[in-house]
Amino acid sequence: MKYELSQTFYFEAAHTLRRNVDVEPSLRIHGHTYIAQITLAGQPEAGSGMVVDLGHLRRAIETLRRELDHRFLDEVAGLGPATLENLCGYIWRAMELLYAAKLDCVEVRREASGDACRLRR
Ligand SMILES: Nc1nc2c(c(=O)[nH]1)N=C([C@H](O)[C@H](O)COP(=O)(O)OP(=O)(O)OP(=O)(O)O)CN2
Ligand SMILES: [Zn+2]
């Protein structure tokens, strides 16, 4: 048995994208609302009864969110082309530094279009 703790946050950001379909509109600067979910998994520590204190996760997310919210994603260092896949990877790398093997899943969605990407251990 393992316990899964999740927290969800959103960010609004702009980007361009080089694609083989919808070439011209994708190359124009446009924006999306992104919803991201981070899941940590493990066993609660005996003393605290927590896998991780959710207050700690909330602070880590706030720092990360400042790097993405109201940004032009093409200019975010280390992201690469601003796809859902690369956003998952970017968030994963930031959270793995803090939570190591407890990091279980990162999901990024664009609900307006029904798009989602999930990165799992
Ligand atoms: N594998 C991926 N494919 C695409 C991604 C992605 O992140 N991973 N992203 C995009 C775009 O960001 C794109 O703007 C969405 O385009 P599209 O699916 O054509 O939908 P709309 O332009 O209609 O989206 P709106 O939300 O309505 O603007 C494309 N592919
Ligand atoms: Zn887009």
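Reader: Are Phe-11 and Tyr-34 buried or exposed?

Author: Both Phe-11 and Tyr-34 are buried. That label stands for a relative accessible area under 20%. Note that this is a predicted model.

Reader: What makes Phe-11 and Tyr-34 a stacked aromatic pair?

Author: The ring centres of Phe-11 and Tyr-34 are 5.0 Å apart, and a pair requires centres within 6.5 Å. The planes of the two rings make an angle of 15 degrees. Planes under 30 degrees apart count as stacked, so that is the label. The structure holds two aromatic pairs, and Phe-9, Phe-11 and Tyr-34 make up one aromatic cluster.

Reader: Why is the pair of Phe-11 and Tyr-34 said to tie together parts of the chain?

Author: Phe-11 belongs to strand E1 (residues 3-15) and Tyr-34 to strand E2, so the pair links parts that are 23 residues apart in sequence.

Reader: How do you know that Arg-65 lies over the face of Tyr-10?

Author: Arg-65 is 4.8 Å from the ring centre of Tyr-10. The cut-off for that distance is 6 Å, taken from CZ of Arg, and the atom must also be within 35 degrees of the ring normal. Arg-65 is listed as lying over the face of Tyr-10.

Reader: Why is Thr-16 called buried?

Author: Its relative accessibility is 18%, and buried means under 20%, so Thr-16 gets that label. Thr-16 is in the loop between E1 and helix H1 (23-27).

Reader: What makes the link between the side chains of Thr-16 and Asp-74 a polar contact?

Author: The side chains of Thr-16 and Asp-74 are joined at 2.4 Å. A polar contact needs N or O atoms within 3.5 Å, one able to donate a hydrogen and the other to accept it. The side chains of His-56 and Tyr-99 are also joined by a polar contact, at 2.5 Å.

Reader: Why does His-56 count as partly exposed?

Author: His-56, in helix H2 (residues 54-68), has a relative accessible area of 44%.

Reader: Which residues surround ligand 1?

Author: The shell consists of His-15, Leu-17, Arg-19, Asp-22, His-30, His-32, Thr-83, Leu-84, Glu-85 and Arg-110. By class these divide into two nonpolar, four polar and four charged. Strand E2 (30-42) and helix H3 (84-99) each supply at least two residues of the shell.

Reader: How do you know that side chains of the shell make polar contacts with ligand 1?

Author: The limit is 3.5 Å between N or O atoms. An oxygen atom of ligand 1 is 2.9 Å from an N or O atom in the side chain of His-30. A polar side-chain atom of Asp-22 is 3.2 Å from an oxygen atom of the ligand. A nitrogen atom of ligand 1 lies 3.1 Å from an N or O atom in the side chain of Arg-110. Of the 610 Å² that ligand 1 exposes when taken alone, the protein buries 58%.

Reader: How many helices and strands are in the chain?

Author: The chain has three helices and five strands, in the order β-α-β-α-β-α-β-β from the N terminus. Of its 121 residues, 38% count as buried.

Note on methods
Residues are numbered from 1 along each chain as its sequence is written. Chains are lettered from A and ligands numbered from 1 in the order in which they are written. This is a predicted model: local features need pLDDT of at least 70, side-chain atom pairs count only at pLDDT 80 or more; totals for chains, interfaces and linings use all residues. Side-chain values use heavy atoms; hydrogens and water are left out. A residue is near a molecule or strand if one of its heavy atoms lies within 4 Å of it. Accessible areas come from the Shrake-Rupley method with a 1.4 Å probe; for residues, only the protein chains shown count as cover. Helices (H or I, at least four residues) and strands (E, at least two) are DSSP runs, numbered from the N terminus. Ala, Val, Leu, Ile, Met, Phe, Trp, Tyr, Cys and Pro count as nonpolar, Asp, Glu, Lys and Arg as charged, and the others, Gly among them, as polar. Rings of Phe, Tyr and Trp (its six-membered ring) pair if their centres lie within 6.5 Å; planes under 30 degrees apart count as stacked, over 60 as edge-to-face and the rest as tilted. Buried means under 20% relative accessible area, exposed over 50%, partly exposed in between (1.4 Å probe, protein chains only).
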